[in-house]
Amino acid sequence: MDVTMLVMLLLEVTWAHQEGPPVIKEHPSSVVARRNDPVTLNCAAAGAARIRWFCDGEEVVTSTQDPRSHRVLLPAGSLFFLRVTTTRKDSDTGTYWCVASNSYGATRSQNATLTVATLAYDFQRQAEPIVKTRVGDSVCLPCQPPKGIPLPDLTWLRDGRQVTNSSHLSVSQAGDLVINKVIQEDSATYVCRASNAAGTRESTPTQLTVMTVPWFEERPLNVTAPSGVTVELRCLVRGSPMPSVSWQRLEGKMPQGRTRIDTQHQRLVLEQVAPIDSGVYVCEAESEGGRVTAQATVTVVGAPTLTQRQQRLQVMTGDTVQVSCCVEGKPQPYVLWRLATPDRTAVLAPGQSNDHISVSDDGRTLWLEHATTEDSGTYYCWGVSSGGGVSGRAEVMVVSALPPPVMGVGPRDVKATPGSTATFHCEVVSEAAQVTISWWYCPAIHLPPRQLSQHTADHRFSLPNNGALILKNVQLDDSGIYTCRATADTGTVEQAAVLRVEHSANIAEPLLLPAPPTKPRLMAMNQTSVKLSWLPNSQMGEDPGQWYRIEYWRQGWDEWRVADAAMMQESCVVSHLTPGHTYTFLVRAVNNRGASFPSPWSDPVTTKLPHDPSLTVDQVRQAHRRLSRPIISLSDAAITAPHSVLLRWDFLAPADVSVEGVLVYAVSKTGTVQVATVLGASSSSHLMHHLSANTHYTFFIVPFWHSIEGTPSNVHSLMTPEDVPSSAPGDVHVTVLKEGSVLIKWSSISAEEARGQLVGYQVTISHNGSQTTEMVESPWLEAHGLLPGRLYTVRVAALTAAGSGPFSGPVLLDAGPNDAHSIQINTHSDGTVIYASPQLEWLMYLLIPLVLMVCATTLLYVRRLRRKVPGCNPVHTPNVYQDPSIYPDHHSINMYSERKSWRASESDMDSSLSSTRLLRPDQLVNEYAEPRMMQQQRLSITSTEPYATTSLLTTASPHLNTSAHWQCSDDSGVQVNWNAFLPPPPSYPPPPDLDLGDPTGSSNVYRDRRVFSSAQIYKKSKSEQYERPCDAALEHAYDQYTQGASSEGRDGSLSFSTRLDRRQVLADYHPPPSAKPQHNNTH
């Protein structure tokens, strides 16, 4: 800090002693300022005694000179304006400079201009608030800014963001915004902004609307719909501005009262369409951008029509029933017959049959051969097409008997004068069979009658076709009883009348009978009563003096009976009926002159059985009436998988209680019917499962209420996609052509198994994990390049467009140089595969190694058995005796724990004899040699039972060989090697109390006698869970385990004494000496 002050002081002294005018260090700069804003004009000079300011050649008056002045001269020489003014009287605008002076002279600075910025409020020229243009045109938005000082800068804003120049959008030098080739995205709000130091001005916003030609977001589609449904034509239009949409119909008028335009969703709605509504409908969209049109064709397919009325048939059992159904329509409807069974799938297509029921090829006739009473019921004839469906029904009643004929107008008694004409009327009604009328004459009741014929000699009798009998020129002897007899297959009815010939007979008046009423109609029914109603004859009018007589017939009766003879009303309740029987009723009008002709017979009525839950007659009638009209339409059928189709439907009107559910039918081209029941009127879709792949199906919907089925809907037909084959080709044959080449053949699969168009076969030939796949079209393959002597596996699978099916069972083949042969595969019904018998050469290849292996194994076994038999059971000798350093030669241990030695006899030299003896231990009693006692030791044995010395397993010693095998011997002498079946014993050190000592004989450990059991020995081992099978079997035989030592320090012996079924087995072992071992003849 001190150095800096010193330097500055020196500089001031230097300048003070410098002589000359001031030097301008800082010149003023031009400034643009807003009115009333403070501004400073800087000026600094060195060596100046005074600084003055000048404006446009005149000295500036500062506050120093005039306290009222707003100009202040700062101490450093700068000119400060408290506020910039631009009034006419006093304006700060001008050119300023400063003059610095001292005694040596004056210095002038550079000029600086002080400008007061101004900016007017109104633009001189600007664009219109709304500008419209079309896509592809060029548009220019003008902008001339307000007046201002300095000139304001122009910028354009698009939706509040500054516009940058580009090839598409730029600002001209005059400030206009130019847009080349306008696009839809250029529609926005544009603002011209002018700014300078005085402020910022913005023009009136300009809304640029780029008008586009209307375009269709969704065009109306052609529609084919059944009659009665609602058709919607959607026409979604977009554009700028939004166009208006209108509809019109070409070559016709819009349907009156059934057409509405939904402007919100831009659609045309046609309700309850009919075939007359078919035509071309045009959607027209128009705006300032242009006009476009789109059209759609509406095709309304009319529902089929039933040209035959409902049928009611009553037939006898055993007869053939023919039920006809005439359905017309365009397109030709598909006719189906619904049988009168509870089974919903009981549907027959044209040309199909079910037992004794068949349908003709054109579908118009249903035949019931040998009808039975079980065939009675309602048969539906369905005619379905894409336009809708129609349903006709036929009530078939199969009975064991039909009503007999009934006398309509029978003959009446007649009085005639001689020579006059007598007429007897006889009109018979039979709706079940053809009737034959015959007349019979009886002079007296006690005389037999005779038949009157047209061909008799007496021409006075005539029989017209109406069944009457006319007798001309009546004679006195013509008096008698005349009987009209009506005969039919269903029965016989007759009625008689008396002819009296008198001279004073009165002339008969004309017969005026009442008119017959209408057919009686069933109103209600229960188990024992039926309510009927009818109407009087409309042509004759109602006679106030007449009444009605009801007649009825039941199966099993020979004649009609009167149920009620005097019924004054047009309704009647017939009671006391038998439940479960079929009745037929008729009604006659009766007055004082007689009974009328009978009414038509009623439909057969079967009374209910007890506890019959069937519907009432009124319920059935109302349900038929509601379901007879179309109430459902199948709208869509979409394939979801090769075996499933999703169906959607709509109700043509709000479903009421008359619809309990719908039946979804799927009928294949072969006539297979699948039915799904969907309960509830609110359901509108169903997924049909378990369909067959690659099959043509026809789908339709049938509403139902209880057991009554309604009119079917329109149909949707489609073909299910292909699937992979369901089975593999069979009968695979392999034939060797030559070395390395084979011919593979197989049988093809059926069309049902293929489940699609069979495109070929996939053949795989594999060997040891390697696989070759071939694709062929024909059911055979010729394979080359196979290596001889190798076994290959062949499998075949069928191919469709959906993929490959299952492979056939493997077939073995050999491409060797043998003669051509075949191998085939047979498959059981359960799927198991049976290969054909191998060829002879393969039998040789397989049998020869097996025979050689068996022979070699037998030889090895025999040699091993012979090698083991001559020895004295060495396998029973513990490893402790096999160490030559422990015991000298010619020493052994007998059964009395005595050390002995002996010389082998000459007989022992015979190995065969030794083998025999070992194999027969019971003969060894007399073969013991008298031992030479080396050291006698007393044993604590209280019994003199025979003992045998046998080798026991001892704990291994570090100095012993531990590789000996564990073996046991049974009574037969056969050695069993348990080491071949059991894992090796654990390798643990021996227990401390079983120390065998130094094998060289320096230790005296053998001097002490110790007794152990076999179980104790093993318990001392760490592997306590391991036991030998021979120990378990012989543990009861071990009595003592004795270990001792002789008086000689180097000699020792071990004695293992056991009781073994009173048999003695010698098992002595002599380890070789450490030096020059001698030959040991003891075995």
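Which residues form a disulfide with their sulfur atoms 1.9 Å apart? C235 and C283 do. The legends below describe close-up views of a predicted model.

**View 1. The C235–C283 disulfide.** This link is left-handed, with -80° about the S-S bond. C235 sits in the loop between strand 26 (231–234) and strand 27 (236–238). C283 belongs to strand 31, and the two cysteines are 48 residues apart. C235 is buried at 0% relative accessibility. C283 is buried too, with a relative accessible area of 0%. The structure holds five disulfides.

View 2. Four strands run in the order 25-32-31-28, with mixed pairing. Strand 25 (223–226) and strand 28 (244–250) are the edges; each has a single partner strand, so one side of each lacks a neighbour in the sheet. On average, neighbouring strands are turned by 25° against each other, direction ignored. Strand 31 (residues 279–287) and strand 32 (residues 290–301) pair in the antiparallel sense over nine bridges. E284 has T293 in strand 32 as its bridge partner.

View 3. The sulfur atoms of C325 and C381 are 1.7 Å apart. The torsion about their S-S bond is about -80°, so the disulfide is left-handed. C325 lies in the loop between strand 35 (321–324) and strand 36 (327–328), and C381 in strand 42 (residues 377–385), so the pair ties together parts 56 residues apart in sequence. Both C325 and C381 are buried. C326 is partly exposed, at 26% relative accessible area. Its closest cysteine sulfur, in C325, is 6.9 Å away, too far for a bond.

**View 4. The C426–C484 disulfide.** C426 and C484 are joined, S to S 1.7 Å. The link is left-handed because the torsion about the S-S bond is about -70°. C426 is in the loop between strand 46 (422–424) and strand 47 (427–429); C484 is in strand 52 (residues 480–488), 58 residues apart. C426 and C484 are buried.

**View 5. Aromatic pairs.** The whole structure has 17 of them. For F81 and Y96, the ring centres are 5.6 Å apart and the planes at 80°, so the pair is edge-to-face. Both F81 and Y96 are buried. W746 and Y761 are also edge-to-face, because their planes stand at 70° with centres 5.4 Å apart. W746 lies in strand 71 (residues 741–747) and Y761 in strand 72 (residues 758–767).

**View 6. Charges over rings.** The charged end of R108 sits over the ring of W97, 3.7 Å from its centre. R795 lies over the face of F807, 4.8 Å from the ring centre.

Conventions. Residues numbered from 1 in each chain as written. Predicted model: local features only at pLDDT ≥ 70, side-chain atom pairs only at ≥ 80, totals over all residues. Heavy atoms only, no water. Pairing = 2+ DSSP bridges. Axes fitted to C-alpha atoms, helices over the stretch in contact; angles between N-to-C directions. Phe/Tyr/Trp six-rings, centres within 6.5 Å; stacked < 30°, edge-to-face > 60°. Buried < 20%, exposed > 50% of the residue type's maximum accessible area, 1.4 Å probe, protein only. Lys NZ or Arg CZ within 6 Å of the ring centre and 35° of its normal. Disulfide = S-S within 2.5 Å.
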